[in-house]
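Reader: I have a structure to go through and I'm new to this. Can we take it step by step?
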Amino acid sequence: MKYYNKLIFEISKKGREGFNLTKKDLPEVKLPKALVRSNKANLPEVSEFDVVRHYTNVSQKNFGVETGFYPLGSCTMKYNPKINDELATLSGFANIHPLQPVETVQGLLKIYHETQRILAEISGLAAYSLNPFAGAHGELAGLMIIQAYHDKRNDSKRNKIIIPDSAHGTNPASATVCGFETVEIKSNPDGTVNLEALKAVLNDETAGLMLTNPNTAGVFEKDIAEISRLVHDAGGLLYYDGANLNAILGKTRPGDMGFDITHINLHKTFSTPHGGGGPGSGPVGVCEKLLEFLPNPIVKEKDGFYYFEDSADSIGALGLFYGNASVYIRAYVYLMTFGKESMSDIGLMAVLNANYIKESLKDIFELPIKGHCMHEFVFDGLKDQSTGVKTLDVAKRLLDYGYHAPTVYFPLIFSQSMMIEPTEVESKETLDEFINIMRVVAQEAKDNPELVKTAPHNTIVRRLDEAKAARQPIVKFTDLK
Amino acid sequence: MHKYLPHTSQDIEEMLKVTGANSLDDLFTSIPKKLRLTKPYQIPSALSDHDLTKHMQNLAKQNKELIVFRGAGAYDHYSPSIVKALISRQEFLTSYTPYQPEVAQGTLQYIFEYQSMVCELTGMEVSNASMYDGATATAEAMFMAFAQTGMSKVLISSTVNPRIIDVVKTYARYRDIEVIVTPSQDGVTDLNFIQKNMENAMGLIVQNPNYFGIIEDYNGFSEVVHENDGLFIMNSEGQPLSLIKTPGEYDADIAVGDLQSFGLPLSFGGAYVGYLATKMKYVRKMPGRICGITTDVDGKRAFVLTLQAREQHIRRAKANSNICSNQSLMALAVTIYLSTMGKEGTVMVANESMKGAHYLYQELLKTNKFEVVYNKPFFKEFVLKAKFDVDKFEKDLLKDGILGPLHIKDNHLLFAVTEKRSIEEIDLLVRKVVEQK
């Protein structure tokens, strides 16, 4: 197939049109000149078919989950079922205005309420709000709830959030955006919480602890009950980052571990499409004592009738309306295809797949954390470091073989991190092929290290000059030339 | 096994052998026994695809599809078929953030095109790759001003959509930022008050067209804001920007807003997309992803995420924003919509909406059942004060399948008209008004 590299602006031709429009036989409206823009926005002028062919060609420069194996750690790149897309965009969902009277949106409110109830049961908490737009937005909501809780108790000097150094970058960033001071604690070698380090920083300024469990190295915090006791005894709250919830479906619940607040990434665990980086959905859930702080508006049910309610102690509104409805409807469909009968198989198969890859490759890749992993694990680069082939090179070479790369250089606790998460949807055959290619790449690193260090070779573009992009930013079409 | 799980019992057995575990349960020994679930989730039973389809169709029927004369941040515009068709391509739909640019040139390219279009519409120098919505974009713009000036007071006009003001207040509260809602005169922002209160403020937030649909004249505002070293932040819904004076022309420092009008279904309020654009001198304070152009080792033009040292995954606790996932697929929908409607069509849709709104306004006044509230130029929304029972009016309209105006306060009704509303539909609404007592 030929390589397509034109911008939509570069195929534009004056006078070409891609639209038709009903024109109303009404007088034109003349606005005062001072209020009108001086020139028309220079948008493309193309035919409808131009647009279709252009974006089809552009799409083919992308690797999607349906293209091939996408073991991007921490991102849970599972199959996005077609039925979810079809049913979530039925006209009775798509054509509904957010400010319609509640009696005309009972179906949507029921889905909202049911979804939050199912999420609450799965995580062992009291209720969820589906209003946050993404995982980081859910984190922000959760941290605001922590602050609101302490404020209401007039415990206002609690301004510190403790975060392990193995955490996702959004955790400390969310804490800052919420006005907290972040206290980073050093992890154990396996990325788990170091209890001594935790004890050393807990005090009457502790607002809470943010934790991902299993952590970003794919290890379950076996001391979670003790961690919970320590944090609560110090007067803090425990926040669960649900990025890795997939691993524990059917096995254990954050609420039972002692977590007070969670967010769940519906685009990870509950299969809604990642969309090239969004839209996501990051419902925030709380235990009983924090219900009053959930973001407004809150969807309630009474005698089978659903309605909105604002709570006076709420952290407030987080968006113009009620979150990414078209996303959480998809998640609801997904939840209903598994139901109570099969939900726990998700976690089982995800964990089996991860362990299978790990054990099959640990002789040639450095495995810093021994023992069974959860849904993902981390290699610290190739075992044989003498060739100079780094994690980045292995990742790029995988692209040549038609695989998406794992997450690289995260978590930060290892220098050559390569984080692999296969998810439950991949078959043994797919995993075997991947394992085989990983071995091929490791062998190439020995036999012909240059080949790997200069990879990728077969992709439509090769390694990019990222420094140049930052030095001379070209961020829009008119910056070219 | 469930149809989304490919494992046969033979697979499981063989794989377990490799892992050294005797059973699946063995893989979970790190979870303390007392924390393990002992009973199945109390959630509904699984449904087959066929039953689930019926179930969802039934739920969809419990929502009423109406003839929409309501806006207030969500607008019933037409979206060409190709928008949904193209964003449903799996290469766009199922991929993740373009962290491996060699296999994500598709996503990166449309982000670049999207940024270019946002800059064209707003007259700004640089746009990011998208925000959750216009309200959160406004709050993030406030954080940019906070980081830039170090001041802890922000002014926001009372003519801004109250839902946006609410979101700004939510974000401000936890940073101890004081939000001062400035008064309005005859539906427009009072510059006098701002002149007197701008000192030591990080910036001013306004909206154009404002919540009441009025196209405000913001000439002279940026001077007042800049004299006090603040940032001028303007929220505009995307569509009117094809007609009205741009944030860039008003010398705004940050332009934000919603783009739902450009091809996204109403969809009960989401997923929509917000934009945030600014001047190049503030780019390092900007939240979210930015796509730039560079070359690969062979000198070929290529797209790549750039200036990432601003972002949470690098700066962690020192980042200005925590945004990671954005609304990328919706930004793609907007890009496809704007390409299809193009330079002329985008303006025509705006004009058709405005024509319908002005026709409705005139016809409603003729009924003598309204009082004029603001005598100002407006775009596709306007406010009139009803002389009848507005709750009964809403119910009457629903009987005829019409979603009427939004009651904002004291019988003030906020109407919205898009290009989708025919003269017949507008006349029907007017007839319903005539029937009101």
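Author: One term to begin with: contact means heavy atoms within 4.5 Å. This is a predicted model, in which local features need pLDDT of at least 70 and side-chain atom pairs count only at pLDDT 80 or more, while totals for chains, interfaces and linings use all residues. Residues are numbered from 1 along each chain as its sequence is written, chains are lettered from A and ligands numbered from 1 in the order in which they are written, and side-chain values use heavy atoms, with hydrogens and water left out.

Reader: ok, into which domains is chain B divided?
Author: Domain 1 covers 9-56, domain 2 covers 67-77 + 342-435, and domain 3 covers 81-336. The bounds come from an automatic or database domain assignment.

Reader: how many residues of domains 2 and 3 of chain B are in contact?
Author: In chain B, 28 residues of domain 2 are in contact with 20 residues of domain 3. The C-alpha centres of these two domains of chain B lie 28 Å apart.

Reader: and what area do domain 2 and domain 3 of chain B bury between them?
Author: About 2,000 Å², with 64% of it on carbon and sulfur atoms. Buried area is the accessible area (1.4 Å probe) that two parts lose on being put together, summed over both. Tyr374(B), Lys376(B) and Phe379(B) supply 28% of the area that domain 2 of chain B buries against domain 3 of chain B, more than any other three residues.

Reader: how many salt bridges are there across that interface?
Author: The rule finds two salt bridges between domain 2 and domain 3 of chain B. A salt bridge is a side-chain nitrogen of Lys or Arg within 4 Å of a carboxyl oxygen of Asp or Glu. Lys380(B) forms one with Glu237(B), and their closest N and O atoms are 3.0 Å apart.

Reader: new topic. How many residues does the contact take from chain B and from chain A?
Author: It takes 191 residues from chain B and 206 residues from chain A. The area buried between the two chains is about 17,500 Å², and carbon and sulfur atoms give 64% of that. Tyr41(B), Phe268(B) and Arg316(B) supply 6% of the area that chain B buries against chain A, more than any other three residues.

Reader: what's the salt bridge count between the chains?
Author: Seven between chain B and chain A. Asp298(B) forms a salt bridge with Arg462(A), with 3.0 Å between the closest N and O atoms.

Reader: back to Arg316(B). Is Arg316(B) buried or exposed?
Author: Arg316(B) is buried, because its relative accessible area is 9%, and buried means under 20%, exposed over 50%, partly exposed in between (1.4 Å probe, protein chains only). Arg316(B) also has a positive phi of about 50° although it is not a glycine.

Reader: where is Arg316(B) found?
Author: In the loop between helix H10 (312-315) and H11 of chain B. Helices (H or I, at least four residues) and strands (E, at least two) are DSSP runs, numbered from the N terminus.

Reader: what about Asp251(B), what is its phi?
Author: Positive, about 60°, although Asp251(B) is not a glycine. Asp251(B) lies in the loop between strand E8 (231-235) and strand E9 (254-258) of chain B. Asp251(B) counts as partly exposed because its relative accessible area is 32%.

Reader: last one. Which residues does a cis peptide bond join in chain A?
Author: Asn296(A) and Pro297(A), with omega about -10°. Pro297(A) lies in the loop between strand E7 (284-286) and strand E8 (298-302) of chain A.
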